Amino acid sequence: MHLTMPRSWPKTGLMRRRMFWAYAFVAIPVLWLVVFSLGPILFSGWVSLHQWNMLTPVRDMPYVGLENYEYIFTRDRVFPLALKNTFKFAIGGVSINVVLGLAFALLLNSKIKGRTVWRVLYFLPVITSPIALAVIFAFMFNRNYGLLNSLLVMVGLPRQGFLNDPNQALYVLIAIAVYQYLGYYIVIYLAGLQGIPQDYYDAARVDGANSWQAFWHITLPLLRPVTLFVIVTNSIGALQVFDLVFATTGGAPANSTMTIVLHMYNTAFKFSRMGRASAMAFTLFAIILFITIVQLRLLRDRTYED
Amino acid sequence: MRGTGTALSKLGTAAKYMILIGTAVLLVFPFVWMIDASLMTSGEIQSRPPVWLPKSPQFSNYPELLDNLPLGRFYLNSLIVTGATVIGVLFTSSLAGYAFAKYQFPGRVILFYMILATLMIPTFVTLIPVFYIVRQLGWIDSYAGLILPGISSAYGIFFMRQFIYSIPDELIDAARIDGATELRIYWRIVLPLTKPALATLGTFVFIGSWNSFLWPLLVVNSRELYTVPLGLNSLRTFAAEARSLHLLVSGTVLSVIPTLILFVFLQRYFIQGIALSGLKG
């Protein structure tokens, strides 16, 4: 980034007029971010320390200290479950996406015909609305007439509950999420692979390295920032999952697919417990912030190594 | 030796294509099934063992759907909301991005770091306050409520600043010497030169806004303002109650097809944009 400050600020009229224009250009975008993003996050933290149903005026909210946090972690039966489910969902999806994303990127990066066509096909689910995919997969995984159960019966296996089975529903949701976003991570890995200079591989071959060694000692280490990016963006996205769960199970059966944002949504907009919901939001925000900071740290360490 | 080598590599190539084709079939199958099932009767969709092709294609499913659901209205709403959001984000991002890339002014560094910090704020954390603010402004259940909170994007500003930074200063200075006003330079020089970046950012914002669900769900009450995902969601509950699954499937087809077509035409911008964002990260 090039954000060096000039030693002194321009004093001539012409320069001043330019400065005026610069302020005019940034005024609305910055004001908007303050009103709809930065301000709200402070407000959200403030609300998490109060009891509020959004009907009483803001200045009359009773202050309750950390009681909302205490409540969601010790007395709310659903929140710890939602926390566990959300983490399971994120970790499951991320690990599959990293492995399969890299594997398919390697396949597509080798000599292959019709690369654009493959990319387009693999990318179709990424741009499709999660609600539409949820509807289609609810059909596919239907306990009674879904195609997957018919397939199981055909090969002589018993029918499964899938989205109706508390032991399976979350894994089905992970599968649908991987289906939707795998193409995105393939494209990112593919871009990463194409950024590695061919010279490295040529040099390795001259030194007698086989392709497995080249993968292990050149491809993987050089892809480290890409993998880090995939892990972080995917975790951040998966930790906020809402649409898919809302339109398939709604958190059922037995809260086995209840996620943090869905529980927060219910707490806030069904039960009007804004304080508790804000405490949940802030807890998840802290987790996401932590992941982002770890990513920045790891990326900086890497530049020192170089 | 050489013979086995080529045979092996041929086998490897065959395996490669098998995996690629198999996965592509798996990925496309739900879409194909959806179109197939949209022409079935409700009974055929639920039959055990499954029906693969409808006995006689029920093209009437589509007119029947449109009689029950004002999908045209939902499309219009989605177009208005998405169109306004895309234009708004492109305009604010390119303006602010230009200022941050090419102007010197007190507070520039602090404001830019502020925008970078905003990048890390997930939308759900601000959901309750933004809902409250929008309600205080009287924008609940209106286009304003659907559109206005989303017309400025920290990511967009950052993205445009990085792109505009690479435009040579000489071009801008030359225009200044010719007597062009600052606004005219933005409009006539900067904007045309950033077309590829605008196209990429525009496709991202389009898909995000078109598929957006949680915010419209909160801010809209009346059916006249439903966007396509909200309409599909209401169709989900309606179809379950009315036992008309065929309408749900044909509704899903109609909700998905436009984005698919758009994507096939614009896929270049997408893939470029994603590749860029991935490498930068």
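Which elements does chain A run through from the N terminus on? From the N terminus on, chain A runs α-α-α-α-α-α-α-α-α-α-α-α-α, which amounts to 13 helices and zero strands. Helices here are DSSP runs of H or I with at least four residues, strands are runs of E with at least two, and both are numbered from the N terminus.

Before going further, a word on how to read this. The model is predicted: local features need pLDDT of at least 70, side-chain atom pairs count only at pLDDT 80 or more, and totals for chains, interfaces and linings use all residues. Residues are numbered from 1 along each chain as its sequence is written, while chains are lettered from A and ligands numbered from 1 in the order in which they are written.

**The two chains**

Chain B has 14 helices and zero strands, and its pattern along the sequence is α-α-α-α-α-α-α-α-α-α-α-α-α-α. The radius of gyration of chain B is 25 Å, well over the 19 Å that the globule rule gives for 281 residues, so chain B is more spread out than a compact globule. For chain A the radius of gyration is 25 Å, well over the 19 Å from the globule rule for 306 residues, so chain A too is more spread out than a compact globule. The radius is taken over C-alpha atoms, and the globule rule is 2.2 Å times the number of residues to the power 0.38. Along its principal axes, the C-alpha trace spans about 70 × 70 × 30 Å in chain A and about 75 × 75 × 35 Å in chain B.

**Where the chains meet**

The contact takes 76 residues from chain A and 70 residues from chain B; two residues are in contact if their C-beta atoms, placed from the backbone, lie within 7 Å. On the side of chain A that touches chain B, helix H1 (residues 13-47) of chain A gives the most, with 21 residues. That side of chain A divides into 61 nonpolar, 12 polar and three charged residues. In this grouping Ala, Val, Leu, Ile, Met, Phe, Trp, Tyr, Cys and Pro count as nonpolar, Asp, Glu, Lys and Arg as charged, and the others, Gly among them, as polar.

**Helix H3 of chain A and its partners**

The axes of helix H3 (residues 78-109) of chain A and helix H7 (residues 169-194) of chain A come within 6 Å and cross at roughly 40 degrees. That makes H3(A) oblique to H7(A): angles under 35 degrees count as roughly parallel, over 145 as roughly antiparallel, 65 to 115 as roughly perpendicular and the rest as oblique. Axes are lines fitted to C-alpha atoms, for helices over the stretch in contact, and angles run from 0 to 180 degrees between N-to-C directions. The contact of H3(A) with H7(A) holds 20 nonpolar residues, seven polar and one charged.

H3(A) also meets helix H10 (residues 224-239) of chain A, where the axes come within 9 Å and cross at roughly 150 degrees. Among the residues making this contact are Phe89(A), Gly93(A) and Asn97(A) of H3(A), with Val230(A), Ile231(A) and Asn234(A) of H10(A). The contact of H3(A) with H10(A) divides into eight nonpolar, seven polar and no charged residues.

**Backbone details in the loops**

Asn255(A) lies in the loop between H11 and H12 of chain A, and its phi is near 60 degrees, a positive value in a residue other than glycine.

**Confidence**

Chain A averages a pLDDT of 89, with 94% of the residues scoring at least 70; pLDDT is the predictor's confidence in each residue, from 0 to 100. Within chain A, confidence is lowest in helix H13 (residues 274-305), at a mean of 84, and highest in H12(A), at 96. Chain B has a mean pLDDT of 89, and 96% of its residues reach 70 or more. The model scores ipTM 0.90 and pTM 0.90.
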